[in-house]
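Subject: Handing over a structure, with notes

Dear colleague,

I am passing on the structure below, together with an account of what was found in it. Please keep it open while you read, as the notes go from one part to the next.

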Amino acid sequence: MEKKLKELTVYLRGWINYFGIAQGYQKCIDLDCWIRRRLRMSYWKNWRRVRTKVRNLLRMGVSESLAVTCGSSGKSYWRSAKTEGIHIALNNEFFEGMGLISLRDRWVEIHYG
C-alpha cells in the first residue's frame, strides 16, 4: 500500500498544480473525500478476514466493541469505508503520515498563499 500511496501522491500533486488555478474548490473537496474513502476501502479489502480486521482496528486505537461491530459487519467494502470505526483507525492524519497530500489544503495554499 505504501507504494500505491506514493504513486498516488505524485499524481495528485501534478493534478492539483495543473487544475488548482481553477475556481473549483468544492470539486477538490469532493475528489479528496472520494480518494480517501477509496483508500479506506482498499485497506479494508486487504485485511480480508474478520479476525484480521478486528485486530488491526484495535491496534489503531478503535474501542473493542466498535472494532468487533465493524469487523463482523456484512456491509460491502465501499459502504464499510464510511463507518465510524474505520474513520477512527484510518483518519486523515494516518494518510498524511503515509505521505498523501490533501487536495483541499493544496488548493487553499495555491489561492491564498
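A salt bridge here is a side-chain nitrogen of Lys or Arg within 4 Å of a carboxyl oxygen of Asp or Glu, and by this rule the count comes to three salt bridges. Please bear in mind throughout that this is a predicted model.

I begin with those salt bridges. One of them joins R36 to D32, with the closest N and O atoms 3.5 Å apart. These two residues are four apart in helix 2, so about one helical turn separates R36 from D32. Both ends of this pair are buried, R36 having a relative accessible area of 5% and D32 one of 7%.

Another salt bridge brings together the side chains of D105 and R104, at 2.8 Å from N to O. Here D105 counts as partly exposed because its relative accessibility is 39%, and R104 likewise counts as partly exposed, at 36%.

There is also a salt bridge between R106 and E109, whose closest N and O atoms are 2.9 Å apart. R106 and E109 are three residues apart in helix 8, which spans residues 103–112, and are therefore separated by about one helical turn. R106 is partly exposed, with a relative accessible area of 23%, and E109 is partly exposed as well, with a value of 47%.

R40 has its place in helix 2, residues 25–47, and is buried yet has no salt bridge, the nearest side chain of opposite charge being that of E93, 7.9 Å away. Since a salt bridge requires the nitrogen and oxygen to be within 4 Å, the distance of 7.9 Å to E93 is beyond that limit. What does the side chain of R40 make a polar contact with? The partner is the side chain of N92, at 3.3 Å. Leaving aside residues up to four places away in sequence, R40 touches A81, I86, H87, L90, N91, N92 and F95.

Turning to the helices themselves, helix 1 and helix 2 pack at an angle of about 175 degrees, with their axes 13 Å apart. Angles over 145 degrees count as roughly antiparallel, and helix 1 and helix 2 are therefore roughly antiparallel to each other. On the helix 1 side the residues that meet helix 2 are L5, L8, L12, W15 and I16, and on the helix 2 side they are C28, L31, I35, L39 and Y43.

Helix 1 covers residues 2–19 and also holds K6. K6 is exposed, with a relative accessible area of 59%. Although K6 and L100 are 94 residues apart in sequence, their C-alpha atoms are 7.2 Å apart in space.

Finally, helix 3, made up of residues 50–59, has T52, K53, V54, N56 and L57 buried. The buried residues of helix 3 pack against helix 2, helix 4 (64–71), helix 5 (77–80) and helix 6 (84–89). Helix 3 is followed by G61, which has a positive phi, near 100 degrees.

Terms used:
Residues numbered from 1 in each chain as written. Predicted model: local features only at pLDDT ≥ 70, side-chain atom pairs only at ≥ 80, totals over all residues. Heavy atoms only, no water. Buried < 20%, exposed > 50% of the residue type's maximum accessible area, 1.4 Å probe, protein only. Lys, Arg positive; Asp, Glu negative; His and termini not counted. Polar contact = N/O pair within 3.5 Å; in protein donor to acceptor, adjacent residues only side chain to side chain. Contact = heavy atoms within 4.5 Å. Axes fitted to C-alpha atoms, helices over the stretch in contact; angles between N-to-C directions. Parallel < 35°, antiparallel > 145°, perpendicular 65-115°, else oblique.
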